[in-house]
Amino acid sequence: MIARKNVGRASPFLLVLLAFGFFLATYNLLILVIHKTSETSGSDAGELDDPIIRRPDAVRESGDLKFHVALTATDAPYSKWQCRVMYYWYKKMKDTPGSDMGGFTRVLHSGKPDNLMDEIPTFVVDPLPEGLDRGYIVLNRPWAFVQWLEKATIEEEYILMAEPDHVFVNPLPNLAHGDNPAAFPFFYIKPTENEKVVRKYYPEEKGPVTNIDPIGNSPVIIKKSMLEKIAPTWMNVSLRMKDDPETDKAFGWVLEMYGYAVASALHGVRHILRKDFMLQVCMIAIQDTCIFFLIHLIIKLILNFVCLASVGYRNWQEIHHSLYIWM
């Protein structure tokens with residue numbers, strides 16, 4: 001019995017070595033991206049040659065465009081590490097030219113304070129009742145936003161819904177336009193290919209399934225007043241989806257993303273889709289003209305970068321022709 005207790009345990013030295021390796025890879029990747037994007041700063045930052053929908057600067061509304069950065073998080077060690085990295089880069093980019101970033105809140109849905117309260121602006125909310133998430137912890141996200149929007153004082157008119165593994169690599173302007181929020185299009189969110197399932201929550205009288213944007217809730221920049229209406233629907237739709245075996249099987253780990261996409265469509269909301277919002281881990285080749293505002297910094301992206309660097313790619317001019325990041 002004693003021998004079995006030690007099976008599968010990693011040595012502390014190995015864990016420290018892995019953590020240090022990920023830190024170096026993360027740091028070098030961010031420096032590389034920031035260096036490259038600074039070289040192309042003469043062009044209109046934030047505009048790709050071919051975004052799905054590009055909002056021209058001419059229609060930027062007057063007034064205060066500041067948005068509040070909000071992310072939901074747990075008190076798990078990995079989530080804490082991600083939040084610290086994310087908050088560090090938020091502070092680096094917040095006051096740079098071209099940024100519309102306002103305040104920052106980590107919405108902690110553990111139900112109790114943790115040891116980052118004094119380091120990162122944090123608002124504590126309750127988790128879902130025990131067992132309701134069925135082991136799918138992301139279901140706490142819409143419920144966390146519902147509570148935060150009801151109880152917190154938020155000065156900005158707009159909100160950026162972000163996640164702990166998002167890293168700012170360029171100053172982020174307000175990409176929304178009035179009642180049209182801005183969102184990143186995910187290639188794996190395909191409402192039209194899942195119409196049979198989607199129609200359980202978006203009935204035909206609401207219109208064609210193409211009204212549902214191929215997005216999740218994050219990253220999204222949206223008016224606070226609109227999110228206050230969408231968030232309860234997002235929560236209820238997500239819970240209904242999780243309770244339905246067919247939907248749960250069809251959507252899997254992106255179920256809550258479909259929940260937001262359907263909920264916003266139920267409220268008649270369409271999003272401005274911005275490919276340049278975030279560098280996503282998918283079949284994207286990084287081109288000279290690409291300027292991204294966020295990196296979705298997951299371990300596979302870091303490891304791909306390390307592998308490329310290890311075989312002799314030492315500068316951006318070499319990497320951008322060969323770096324294909326796969327899901």
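Figure 1. Two strands are taken to pair if DSSP finds at least two bridges between them. On that basis, this predicted model contains an open sheet of 7 strands, in which the order is 3-2-1-4-7-6-8 and the pairing is mixed. The edge strands are strand 3 (122-124) and strand 8 (272-273), each of which pairs on one side only. At the strand 8 end, strand 6 (residues 182-183) and strand 8 are joined by 2 bridges in the parallel sense, and here Ala 182 stands opposite Ile 272 of strand 8. As background to this view, strands of a sheet pair through backbone hydrogen bonds, and they do so either in parallel or in antiparallel fashion. In the chain as a whole there are 10 helices and 12 strands, and 52% of its 327 residues count as buried.

**Figure 2. Strand 4 and its two neighbours in the sheet.** Strand 4 is largely enclosed by the rest of the structure, because 5 of its 5 residues are buried. Tyr 158, Leu 160 and Ala 162 point one way from the strand, while Ile 159 and Met 161 point the other way, and all of them are buried. With strand 1, strand 4 pairs in the parallel sense over 5 bridges, and Phe 67 is the residue that stands opposite Tyr 158. With strand 7, by contrast, strand 4 runs antiparallel and is joined by 4 bridges, Met 161 having Val 220 of strand 7 as its bridge partner.

Figure 3. Strand 1 and strand 2 run parallel and are joined by 6 bridges, and the bridge partner of Thr 72 in strand 2 is Val 107. Strand 2 is mostly covered, with 8 of its 8 residues buried. Helix 3 (residues 77-94) lies across strand 1 (67-73), strand 2 (101-108) and strand 4 (158-162), and its direction is at about 170° to that of strand 2. Helix 6 (residues 224-243) also packs on the sheet, where it touches strand 4 and strand 7 (220-223) and makes an angle of about 110° with the direction of strand 7.

**Figure 4. The surroundings of Pro 164.** Pro 164 is found in the loop between strand 4 and strand 5 (166-168). With a relative accessible area of 10%, Pro 164 is buried, since residues under 20% are counted in that way. Leaving aside residues up to four places away in sequence, Pro 164 touches Leu 71, Thr 72, Ala 73, Ser 79, Gln 82, Cys 83 and Met 86. Pro 164 and Thr 74 are 90 residues apart in sequence, and their C-alpha atoms are 9.7 Å apart in space. For the chain as a whole, residues 24 or more positions apart account for 76% of the contacts with a separation of 6 or more.

**Figure 5. The packing of helix 4 on helix 6.** Two packed helices are described by the angle between their axes and by the distance between those axes. Helix 4 (residues 140-151) and helix 6 pack at an angle of about 145°, with their axes 8 Å apart, and helix 4 passes helix 6 in a left-handed crossing. From helix 4 the contact is made by Arg 141, Pro 142, Trp 143, Phe 145, Val 146 and Leu 149, and from helix 6 by Lys 224, Leu 227, Glu 228, Ala 231, Pro 232, Trp 234, Met 235 and Ser 238. The residues of this contact divide into 10 nonpolar, 1 polar and 3 charged.

**Figure 6. Aromatic rings around Tyr 188 and Trp 253.** When rings are paired by the distance of their centres, with a limit of 6.5 Å, the count comes to 14 aromatic pairs. The centres of the rings of Tyr 188 and Trp 253 are 5.4 Å apart and their planes are at 50°, so this pair is tilted. The pair links distant parts of the chain, for Tyr 188 is in the loop between strand 6 and helix 5 (195-198) and Trp 253 is in the loop between helix 7 (245-251) and helix 8 (255-266), 65 residues apart. Tyr 188 is buried, with a relative accessible area of 17%, whereas Trp 253 is exposed, with a relative accessible area of 55%. Phe 251 and Tyr 258 form a stacked aromatic pair, with 3.7 Å from centre to centre and 5° between the planes, and both Phe 251 and Tyr 258 are buried. Ring pairs also link Phe 184, Phe 186, Phe 187, Tyr 188 and Trp 253 into a cluster.

Terms used: Residues numbered from 1 in each chain as written. Predicted model: local features only at pLDDT ≥ 70, side-chain atom pairs only at ≥ 80, totals over all residues. Heavy atoms only, no water. Contact = heavy atoms within 4.5 Å. Axes fitted to C-alpha atoms, helices over the stretch in contact; angles between N-to-C directions. Buried < 20%, exposed > 50% of the residue type's maximum accessible area, 1.4 Å probe, protein only. Left-handed = near helix turned anticlockwise from the far one by under 90°. Nonpolar A, V, L, I, M, F, W, Y, C, P; charged D, E, K, R; others polar. Phe/Tyr/Trp six-rings, centres within 6.5 Å; stacked < 30°, edge-to-face > 60°.
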